[in-house]
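I'd like to talk through two interfaces today, so let's get the picture up.

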Amino acid sequence: MYIVVSIAILATMVLALTRALMGPSVYDRVLAANVFGTKTVMLLSVTAFLYGRPDFLDLALAYALVNMVGILAVLEFFQKRSRRKAELEDD
Amino acid sequence: MIDILIDVFSWVLLILGGVCVLIGGIGGLRLPNFYTRIHAASLTDTMGAILIFVGMMLQSGLTLATLKLFAIMLFLLLTGPTATYALANAALLSGLKPDTGSNHDEVEKEEPAE
Amino acid sequence: MIFVFAIFLLSLLVITSIAIVRTTNLFVAVMLTSIFSFLMAANFFILDAADVALTEAAVGAGVTTVIFLCALALTGEREKPRINGRKTARVAVAILASLMIYATFDKPRLGDPDAPVHQHIAPWYIEKTTEHMDFPNVVTAILSSFRGYDTLGEVFVVFAACIGVLFILGVPPPAQKRLNKVVEQNKGLRHHLIPQVVGRLVIPFIVLFGLYTQFHGEYGPGGGFQAGAIIATGIILYALLEGENKALQAVPRSVLLGMVIGGALLFGSVGVICMFMGGNFLEYSVLSADPIWGQQLGILVIEAGVGMAVCGALLSIFHAFAARENVS
């Protein structure tokens with residue numbers, strides 16, 4: 001049963017990867033990377049159970065905690081750039 | 001008896017979670033523009049995560065693993081929507097207009113406002 | 001089942017890396033790199049290498065994306081198109097790739113119990129870990145005690161990398177008048193309420209989890225390197241939310257440099273103390289009357305050194321990039 005779920009997650013990973021490769025905008029790629037992150041958390045948890053090694057859940061926990069940081073950095077990146085653009089227009 | 005019930009219930013939850021995740025993935029690929037795709041992707045973060053993790057928690061009973069699963073689910077539920085918010089905000093900030101119709105995005109390809 | 005999963009993930013990995021090479025938009029390349037890192041971690045995990053997977057998770061998910069984006073803010077968005085030299089490069093890569101594929105024919109099958117690695121030294125490590133250290137995680141035992149010299153070298157590599165980045169990118173801290181302007185500019189994500197609230201909630205847990213990895217490394221996946229990277233991620237998250245200057249106020253530059261130097265020194269001095277106590281360099285057994293306890297004590301201390309060095313180095317590099325942005 002875990003196998004069915006992990007195959008569903010893997011299929012979603014493939015779909016997200018397709019989205020990341022197709023684009024069209026850069027944000028779609030960020031979105032795909034984000035989806036990939038949460039799918040990795042789920043895949044790790046499910047395979048930990050599939051293998052009967054629940055002590056490896058630490059890894060999924062690490063990802064669940066750290067995942068958000070990358071996307072927040074993206075937000076800050078765009079924010080800085082739009083501010084810089086505004087400054088350039090002011091001058 | 002109770003054991004079988006819990007088993008069946010958790011399998012149902014796991015399968016439903018898998019279906020949710022898959023639907024979210026298909027939506028992320030098929031929906032016409034960026035903001036709708038965000039909506040589809042966030043479905044997998046919330047509904048899919050809750051169903052799958054509750055299913056696994058039921059399977060593992062009262063152990064340390066359950067506690068860890070609960071923590072993972074909690075952090076996913078907190079951070080997933082936050083990441084979605086940040087992403088939507090970043091897109092809006094750099095000038096990707098939300099589209100009220102069902103047209104495709106009119107973004108200049110790969111050129112987020114220089 | 002393992003094979004099917006691993007091969008599936010590996011083929012996704014190949015597709016992703018081809019896409020990374022082919023794209024000319026550097027931002028897209030950064031995003032694809034983060035997907036690459038997720039795939040890699042899942043792969044390591046499925047091949048049962050939890051320690052390496054945790055390292056990939058700690059470094060790949062947060063820190064690398066942030067540092068890449070900082071670097072991208074300093075440069076242009078697009079890769080400069082290159083026309084010349086493509087052909088030679090392609091031929092060289094093709095020859096190398098075919099040589100490597102040819103070399104893999106000689107390698108033993110994955111997980112083959114007759115493979116030389118499983119005959120030669122791995123059984124010895126597995127046997128001696130219980131005897132010498134008495135804790136279950138063999139990886140930690142190998143990294144910090146059996147192959148302690150290698151890890152010492154790695155810590156010095158981290159140290160040297162940090163010094164190198166600071167030499168190239170480091171700028172003196174801005175004067176007071178400029179500083180106010182910089183602080184004005186660097187508000188971070190302070191007006192975004194949702195990341196603000198959630199981030200404040202999550203940062204303590206990230207740091208707590210880092211400490212857990214640090215001190216639980218002998219029993220589960222983890223250790224100094226992963227812990228340092230996770231704690232650094234927590235502080236970087238704070239810097240993103242509150243602005244970089246707030247993070248520098250909380251953990252000033254001198255402390256970071258002190259952590260890098262102190263971590264490397266701590267590791268080295270444990271080795272020297274071992275020599276003074278009558279053993280060899282990095283022979284922890286002599287640290288205490290009970291050799292097992294001595295080993296555990298030594299490993300605990302050097303793991304702390306590794307954690308400090310890695311955390312300090314990652315944060316120094318992040319701040320070096322971020323400070324550079326304000327100068328230009």
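I'll start with the ground rules and then take the two interfaces in turn.

This is a predicted model, where local features need pLDDT of at least 70 and side-chain atom pairs count only at pLDDT 80 or more, while totals for chains, interfaces and linings use all residues. Residues are numbered from 1 along each chain as written, chains are lettered from A and ligands numbered from 1 in the order written, and side-chain values use heavy atoms, with hydrogens and water left out.

So, chains A and B. Here 46 residues of chain A are in contact with 48 residues of chain B, contact being heavy atoms within 4.5 Å. The buried area is about 4,200 Å², with carbon and sulfur atoms giving 77%; that's accessible area (1.4 Å probe) lost on putting two parts together, summed over both. In chain A, Tyr27(A), Leu31(A) and Met42(A) lose the most area to chain B, together 15% of what that side buries.

The rule finds two salt bridges across this interface, meaning a Lys or Arg side-chain nitrogen within 4 Å of an Asp or Glu carboxyl oxygen. Arg37(B) and Asp28(A) meet in a salt bridge, at 2.8 Å, N to O.

Now chain C, which is divided into domain 1 (1-81) and domain 2 (121-328), with bounds from an automatic or database domain assignment. Their C-alpha centres lie 23 Å apart. Between these domains about 1,400 Å² is buried, 82% from carbon and sulfur atoms. On the domain 1 side, Asp51(C), Leu54(C) and Leu74(C) supply 37% of the buried area, more than any other three residues.
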